[in-house]
Amino acid sequence: MVIDKEYNMIFKRKSFRKFNDSLKLTNEELHHINEKIKELIPLVENIEVKYKVVRRDETTCKRGEYCLLIYSEEKENYLLNVGYMFEQLDLYLASKDIGVCWYGMGKTEEAEYKNLKFVIMLALGKAEPSEFRKDYRKCKRKEIGETWSGVNGLETIAEVTKYAPSTCNTQPWRVICENNKLKIYRTTNIKSIMPKDKVPFYNSIDLGIFLYFLELALLYNHISFQRFLLKEENKANLIPIATYNLL
C-alpha cells in the first residue's frame, strides 16, 4: 500500500546537509520525479502550483545536484499547501535513495514562472542507502509534552509526527487534543537564526508539512478524520491552522 510505504519513509528520510558529488541523478530518475509531482495531492484544490527542476548553480543553493523550484498563486493557505504537497515528494524520493533538503533562504533569478511567485526550493541529489537515517529516535526533537497538550491515547501519532522537518528545526506546531478533536496551531514564540520577518512565512510551510505527517500517521493507524482549515487570526502566541475531528 502507498500509505504504508510513505509512512515507513518517515523513519528513513532526513534533511541532507551534505551530498555526495560523485553520485548523479539519471535522466530516468528525473523523469520519475516529474511524473510523481503530477500525482501530488493538494491541501487546497484551487491553488495553482508550478515547478521547475534546474541545476544547483542556477540558484544560490550550495547543496545537491539539482534544485526543484516551487511557484504558487498567493491565495489563502498557499504556504500550507506547498508544504503539504511537496513533503509527499520528499518521502517518495527517500524511497528512491534521493536526498532532499528544504532550502528556505535560497534564491533564483526567476522570481516568477508562468505568472506565479517563487516560494521555496528543494535541493536534490542522489545518495547511498547508508546515508539516510539509521535511527530516527536520535533526531533532535522537542518532547511531546512541549508540542502536544493532552495526547489521550494518540501517543503513537504524537511520537511519529514530531519527526516532521521544519525550518531551522523550529518545530512550530502546537496541538491540543480533547474530545476526539485535534486543534492545530502555529506558535509565534519562536527563537531562530532566521530573520524575524521571515519566520511566519517559512513556519507556515512547516505547518503544511506537519499536517501531511499527521494525516499519514492517522491513516496508517486506521483513524478516520475530517479536516477543517481555519482562517488565521493574529493572536499573541498561537495562530489557529486546522481542526481535525477524529471519527
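Author: Happy to! One definition to start with: two strands pair if DSSP finds at least two bridges between them. Keep in mind that this is a predicted model.

Reader: What's in the hairpin of β7 and β8, between the strands?

Author: Two residues sit between the strands there, and in this hairpin Asn 179 takes a positive phi near 50 degrees.

Reader: And how does β6 run relative to β7, parallel or antiparallel?

Author: Those two are parallel, joined by two bridges. Trp 148 has Val 175 in β7 as its bridge partner. Together with helix α5, residues 155-161, β6 and β7 make a β-α-β unit that is left-handed.

Reader: Switching to helices: at what angle do the axes of α2 and α3 cross?

Author: Roughly 140 degrees, with the axes coming within 10 Å. Angles over 145 would count as roughly antiparallel, so α2 and α3 are oblique to each other. The crossing is right-handed.

Reader: Which residues meet in that pair?

Author: From α2, His 32, Ile 33, Lys 36 and Ile 37 meet Phe 86, Leu 89, Tyr 92 and Leu 93 of α3. By class, that contact has six nonpolar residues, one polar and one charged.

How values were computed. Residues are numbered from 1 along each chain as its sequence is written. This is a predicted model: local features need pLDDT of at least 70, side-chain atom pairs count only at pLDDT 80 or more; totals for chains, interfaces and linings use all residues. Side-chain values use heavy atoms; hydrogens and water are left out. Helices (H or I, at least four residues) and strands (E, at least two) are DSSP runs, numbered from the N terminus. A crossover is right-handed if, with the strands pointing away from the viewer, the path from the first strand over the helix to the second runs clockwise. Axes are lines fitted to C-alpha atoms, for helices over the stretch in contact, and angles run from 0 to 180 degrees between N-to-C directions. Angles under 35 degrees count as roughly parallel, over 145 as roughly antiparallel, 65 to 115 as roughly perpendicular and the rest as oblique. A crossing is left-handed if the near helix is turned anticlockwise from the far one by less than a right angle, and right-handed if clockwise. Contact means heavy atoms within 4.5 Å. Ala, Val, Leu, Ile, Met, Phe, Trp, Tyr, Cys and Pro count as nonpolar, Asp, Glu, Lys and Arg as charged, and the others, Gly among them, as polar.
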